[in-house]
Amino acid sequence: MARNKEALVLLLDVGPTMHNILPELEKVCSMLVQKKLIYSKYDEVGVVLLGTEETNNELTREVGGYEHVFVLRNIKVVDGDLVDVVQELPRGTVAGDFLDAIVVGMDMLIKKYGPTNKGKQRLCLITNALCPIKEPHEGTKDDQVSIITSQMTAHGMKLECIIVRGVLSDDANKKIMDENDRLLDLFSKNTWARTVHVENLTSLFGAIRTRNVAPVTIFRGDLELSSRLRIKVWVYKKTSEEKFPTLKKYSDKAPPTEKFATHEVKVDYEYRSVEDPGKVVLPEQRIKGYRYGPHVVPVSSAEWEAVKFKPEKGVKLLGFTDASNILRHYYMKDVNIFIAEPGNTNAVLAVSALSRAMKEMNKVAILRCVWRQGQGNVVIGILTPNVSDKDNIPDSFYFNVLPFAEDVREFQFPSFRNFPSLLLPTEQQQEAADNLVKMLDLAPISKEEMLQPDLTPNPVLERFYRFLELKSKHPDAAVPPLDETLKRITGADPELLSQNKSVIDDFVKCFELKENPKMKKSAKRLPRAREENFEDPHNVKRLKTSDSMENMSAAMVEKVGDLTPVQDFEGMLSRRDDPDWVIKSIKGMKNKIYDLVEDSYEGDNYNKALECLVALRKGCVLEQEPKQFNDFLHYLCKFCRGHDLSDFCDFLASKGMTLITKTEAADSEVTGDEARSFLVIKGPVVEEKSLNSAREKRPHVPVAMQSHFCAR
Amino acid sequence: MELDPDDIFRDEDDDSENDFLQEREATKELMVYLVDASPKMFSSTCHGEDKEKTYFHVAVSCISQSLKTQIINRSYDEVAICFFNTRERKNLQDLNGVFVFNVAEREYLDRPTARFIKDFDHLEESFMKEIGSQYGIMPGSRENSLYNALWAAQALLRKGSSKTADKRILLITNEDDPFGSVKGVTKLDMMRTTLQRAKDAQDLGICIELLPLSSPAYKFNMSLFYADMLGLEGDALAQFLPSTTARLEDMKDMLRKRMFRKRRYRRITFSIASGLSIELSAYALIRPTVPEAITWLDSITNLPLKTERSFICADTGALVQEPLKRFQTYRNQDVKLLADEISEIKRISAGPLRLLGFKPFSCLQDYHNLRPSTFLYPSEEEVIGSTRIFIALHRSMLRLNRFAVAFYGSSTHPQLVALIAQDEIINSSGQIEPPGMHMIYLPYSNDIRHIEEAQMDTNFSTHATDDQIKKAATLMKRIDLRDFSVCQFANPALQNHYAVLQALALEEDEMPEVKDETLPDEEGMARPGVVNALEEFKLSVYGDNYDKEESRANEASRKRKAISDNAIKEYANYNWQDLADNEKLKDLTVSELKYYLTAHNLPLSGKKEALISRILTHMRK
């Protein structure tokens, strides 16, 4: 476990020019520490600040110099306090010298580990590198860097520099910047150092590796070009999804006094005969069956083992082919990387030669791989070159899995060419589309490419860790909204949109969308409509519905839909082919209103819900069904007050919503005064609901009301 | 839920999340094979040599092959096999000269079973005895066996609605002139009634197909009768014969795999700009194909089992309901999360698919991939006008060589995707690539590992010289797969799986040999041109050291071998049973214990106690 223990020193620039990005830095550093707490709790972390007013480091005390470098925390095992520490970084007042900070960080690592722990020590510098580096007492800055790098190499340290620039540093001194960049470049030339430039906050989030996974080879052995030539290679995963943490199931059965309760839940499987459910069969008494037509063929494991496909371990070349023969969408899985066996000069050169030749000739290689002995299947895949532009990084290959014949489903689709002109864009529309594709450019030449996968963090994970931290302090906390910085990932960049407003407007104007009236009849829509509404209550409004109205009322409406609930309701109510339509329409409308209110976020659906409610009221008066409406309104208000939605009741009151009175409908038992005051004096508040149960799924219509329907 | 420990085929794929959108089209096929069993069918296909291979044999083996494929590919389809021109009769209407082949526990038209296929395989041997062959249409009698056969088949296909099932009759015969033996008015009359019978069947939604068996010596003449029956004219008639020959071949070597009907797996709303969302249909065109799930059986009764899952509180041992709460230990406490909160965390985007912008293809790296892609095609079902916008973007993207970046807000894996426009590609055999967009799931920075940078080496130059690159290029030209197409290989494990399953189900004596098509072409690699290019490349990179390195590698394996040999030798010096019985194993050293483990090929890892318990478990067996 401790084998992969990592020591990390964060070198954070908190000087005045960095202040605007410190909030983001705090978030990303705390996430880094949080992940360590969960996944590698024996890792050790130190934090060094540069650009602070005060000075606090051992080197100053020992040899002098190194001012404005502040050791916020010495290297020690991660703990919860560190999360709090990095969440409140002090703001510095002076320009920091990152070279000083690197030396202080190195010194800390050397003092702590000496010659041990090689290769598992990492320095992570985050700065904008805008401030000048002090002239050394002797030699040049370059000499200094070369001394530092040789020390770093000797102690097996790695350095990661994240340089925050671009829009975040407009008025910088170009000369200083260039010199600093040159110095940093020297690091990556001379030792294990990696420099990443980021130009926006989203990329900053992505650039910092918050979780350090020790790479494991999935294959070590020969890449067999033929039986005559084998190249020694190692294969690693290049991409592998960082999964959402697997949370344990919680059991609250243990008495609260029990201090050492694990609260875990074990899952137990029992196998019972389908025909005789009383009979339990032990796991080892089972036998595997495979379906053959309507029957199942039992096959014992031993039998199967004897006849199953058993390929020999090995990675063999089948041949080279033009890159254009393999379309991108055939890549099946996450990606592997082939590197030459480390330290094996000839293998490195062989891989390099092939890789470069492949790139030059636009060729790819097709391989057949069996990574492990005993693997049940072979893998066919494509090797593409990964030519490195740095001298000290060897060339390598990417490997993607390709499908077998069985994996491709040959569905036929109508050709666009044969479509009637009604379905094809006009010249003007095509031009608008061309403009959109050209102008909505995420990779402009002069700027950093936006949303580069390598610099785009997973927003779900960020949100999870933030929520976890929040919950550990306030168990009742609600899920926080997505971080502003990360909204650039899920939605278009507002800046890009405003720059291209005319192009986008042109495009929108050029095309017209209509809802298909025929679809209203489909019963299949029900579950889906629910789901989509759930995902995005707004999307209802986003469709253009202006001229679809008359189409719709013409068609016979059978349910209250999402787009035009009021019209649907009225349509259903006016149907005279079956008296049940009245009840059906009222019920449908109630559900609709309910959904709207419940799914509303900060009241965004309230207006729509009100429209529906008004229509429902009108309908109930017209059909003389006051009880239906009054009961529902009572129920709705009770529900809202119980679920933190009481602003909806207030909203209704402000719009003058009332119960249906005796004067409006004879069956009503409500007087005028009662009707008006109903929403103003607050109805009884539902008490028993805790926050938890409030979030539970509700029945679609309250049971009491359903029985009311039946009684009729 | 782990039910299959050596689950080699599974792949994490969440396609099932939206399975409810089944398209309403014909979901199964009902097929009647109508096989001519007249004496003419029992003549040999080629005169003289090889008497065994009769037309009848060709027909029967072809059906047998096709059944074996079907039972795996589309096991819910139903078949009936019906012979006509037979001596005996067996059919619903008790018509003369028609015999429906069947086995016990099966309706005439039903799903194929192992027994059905097995008995059918052996049918030829007993055919003459049990069913018999005779001409059904004879001068002087009014019997019309072809008419009867069509009628019987039509009756079989009365089952099921034509809306949900494709109904087909496949007529296999080598007689191009079924009414050749009768003359005059009788002949005309018989032809007319037969044609009418066929037309009636076609009117009921039954598709009649013909598989004519011809030989090099004798061409099947369609114009005598069957062209009329099938309604073939002009070009279609000319094309017919060659196409059936190909079909016969197809039936013989079809790939065994589960077939998927074209089915949309979900609908996606694509939001292009605020106020403009179009509707797309998503299809899974490429997904790893796996054999059907295992059904666990009771090994004593062979009856199916169902799995019941129960949750047990680890602290109290009490049975609990599936808990809604999850927890993560963090900062020395158990932080509890509700299932709803977890889905709330994952719900980070409004709208399923949202356009963010466009990039040139140089931005899409080969390692930007996580899962199989999804195919998108426009739909007018709910939003009219979607196709037009889709095609406009599709064309622009193709023309400007750009792909779109969008955010796909699925409920389980919200992530960035690349949308690549794919133009339609057609060749002589049909559509190769459908027009549309492929949605490629992009990794986040969290998912990308920096392996190559960890290999940084400051000691020597890591890049090949121009000469080495040139030699590599020459080699590449030599080993060029010119017509390589993705998916030209069948999955050997899957084909083996089905072949073995078939052999076991049909109780065949011999286990089948499945050819592994994925092995390299050794012969091609041994061609002098290739060998030369290889040797030159080798020389330019390795100099004369290649063989030395090889032997060094061999040395390592030799060393390993020596260690294990030594272990086996040492192993013999101990009385293991005795040591185990007297609990003296713990007195041995770890390296001594490892002799036992090495000798028995057991894992060597773990602490001493683990080693001892491993030895004890092994001994007990």
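Predicted model: local features only at pLDDT ≥ 70, side-chain atom pairs only at ≥ 80, totals over all residues.
An unreviewed UniProt entry lists "domain: Ku" at residues 278-419 of chain A. Here the chain is 17% helix and 35% strand, and the end C-alpha atoms are 61 Å apart.

Now for how the two chains meet. Chain A puts 188 residues into the contact, and chain B puts in 181 residues. Which element of chain A gives the most to the side that touches chain B? That would be helix H9 (residues 345-361), with 13 residues. Sort the chain A side by residue type and you get 93 nonpolar, 44 polar and 51 charged. If you want a specific pair to click on, take A:Lys514, whose bridge partner in S15(B) is B:Ile384.

Next, what's packed inside. In soluble globular proteins, nonpolar side chains tend to be buried together. In this model the largest nonpolar core has 203 residues, and A:Leu11 and A:Val48 are the ones with the most contacts inside it. A:Val48 shows what that looks like: beyond its neighbours within four places in sequence, its contacts are A:Val9, A:Leu10, A:Leu11, A:Val69, A:Val71, A:Leu72, A:Ala101, A:Val104 and A:Gly105. Another core lies apart from the largest one; it has 69 residues, among them B:Ala80, B:Cys82, B:Ala153 and B:Ala505.

That brings us to chain B as a whole. It has 18 helices and 20 strands, and 38% of its 621 residues count as buried. Of the contacts in chain B with a separation of 6 or more, 68% are between residues 24 or more positions apart.

B:Phe101 is in strand S3 (residues 98-101). Is B:Phe101 buried or exposed? It has 21 C-beta neighbours inside 10 Å, so it counts as buried. Leaving out neighbours within four places in sequence, B:Phe101 is in contact with B:Ile81, B:Phe83, B:Phe120 and B:Leu123. As for B:Asn91, it is 10 residues from B:Phe101 in sequence and 9.1 Å away in space, C-alpha to C-alpha.

B:Asp340 sits in helix H8 (residues 339-346) of chain B. Because it has 14 C-beta neighbours inside 10 Å, B:Asp340 counts as partly exposed. Hop from B:Asp340 to B:Lys548 and you cover 208 residues in sequence and 63 Å in space, again C-alpha to C-alpha.

Finally, a word on confidence. Chain A has a mean pLDDT of 80, with 87% of its residues reaching 70 or more. Where does pLDDT stay under 50? One such stretch is residues 520-555 of chain A, for which the model has 61 contacts beyond four places in sequence. Residues 681-712 of chain A are also below 50, and this stretch has 28 contacts in the model beyond near neighbours in sequence.

Methods
Residues numbered from 1 in each chain as written. Chains lettered and ligands numbered in written order. UniProt positions renumbered as here; feature names shortened; annotations may be inferred. Helix = DSSP H or I, 4+ residues; strand = E, 2+ residues; numbered from the N terminus. Contact = placed C-beta atoms within 7 Å. Nonpolar A, V, L, I, M, F, W, Y, C, P; charged D, E, K, R; others polar. Pairing = 2+ DSSP bridges. Buried ≥ 20, exposed ≤ 12 C-beta atoms within 10 Å, placed from the backbone. Core = buried A, V, L, I, M, F, W, Y, C linked by C-beta atoms within 7 Å. pLDDT = per-residue confidence, 0-100.
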